[in-house]
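Please consult the sequence and the model shown here alongside the text.

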Amino acid sequence: MLKSILLTAATSALLLTTAAHADAITALDPFVREVPPGSPTTAAFMTLHNTSDSPVRLINADNELTAHTEMHNHVDVDGVMQMRQIEHIDVPANGDVTLAPGGLHLMMIGLEGAVSEGDKVALTLTFDNGETLDITAPVRPIMPMSH
Ligand SMILES: [Cu+2]
C-alpha cells in the first residue's frame with residue numbers, strides 16, 4: 001500500500017516536471033550501428049520530432065562511448081556519396097527530421113572497442129531553444145544496402 005502511494009507520488013512529480021519544461025523535441029526510434037572491434041567510428045540514427053510552432057536546431061551532441069560526436073550528412077560528389085560534417089541539424093516547426101543510414105547521422109568518433117547488438121548507448125542532444133534531450137539508443141546491425 002505504502003509502496004503504491006510512493007510510486008504514485010513519484011509518477012505525479014515526474015509528470016509535473018515534464019509539463020513544466022514543455023519539451024518540444026522527442027527522439028523516435030533511436031539506434032546505433034553495430035560495429036566490430038577495431039572500428040574507430042560508428043553512428044547514431046533517429047527521427048527528431050518537434051511539437052512546437054517554431055523551428056528548433058540541434059546544436060550539439062554527446063555520447064558516452066566516444067570523446068567526439070559530430071553531426072554529419074552525406075553529399076553526392078560526382079556520383080560518390082561522401083560524409084560531410086555539418087554545424088547543426090534543423091527540426092522544422094511541427095515536423096520531423098530523420099537521421100538514417102546514407103543521410104544525416106551523429107558520428108561517434110574515437111571508439112575503443114566493439115559496439116555490439118544488445119548494448120545500449122546514452123546520448124545527450126542540445127538544442128538552440130535551451131532544451132537538452134537524453135536518449136538511450138539500442139545497438140543494431142545495419143544490413144548492407146540492397147542492390
Ligand atoms: Cu559520418
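In which sense do β9 and β10 pair, and over how many bridges?

## Pairing around β10

In this predicted model, β9 and β10 run antiparallel to each other and are joined over 7 bridges.

Val-32 stands opposite Val-139 of β10.

## Overall architecture

The chain contains 1 helix and 10 strands. Read from the N terminus, the order is α-β-β-β-β-β-β-β-β-β-β.

The chain has 147 residues, of which 20% count as buried. Of the contacts between residues at least 6 apart in sequence, 67% connect residues at least 24 apart.

## The nonpolar core

The largest nonpolar core comprises 23 residues, and Ala-44, Leu-58, Leu-106 and Leu-123 have the most contacts inside it. Two or more residues each come from β2 (41-50), β3 (56-63), β6 (89-91), β8 (105-109) and β9 (120-127). The most is given by β2, with 5 residues.

Which residues does Ala-44 touch, not counting those up to four places away in sequence? They are Pro-30, Val-32, Asn-63, His-105, Leu-106, Met-108, Val-121, Leu-123 and Ala-137. Val-32, one of these contacts, is the residue that stands opposite Val-139 in β10.

Conventions
Residues numbered from 1 in each chain as written. Predicted model: local features only at pLDDT ≥ 70, side-chain atom pairs only at ≥ 80, totals over all residues. Helix = DSSP H or I, 4+ residues; strand = E, 2+ residues; numbered from the N terminus. Buried ≥ 20, exposed ≤ 12 C-beta atoms within 10 Å, placed from the backbone. Contact = placed C-beta atoms within 7 Å. Core = buried A, V, L, I, M, F, W, Y, C linked by C-beta atoms within 7 Å. Pairing = 2+ DSSP bridges.
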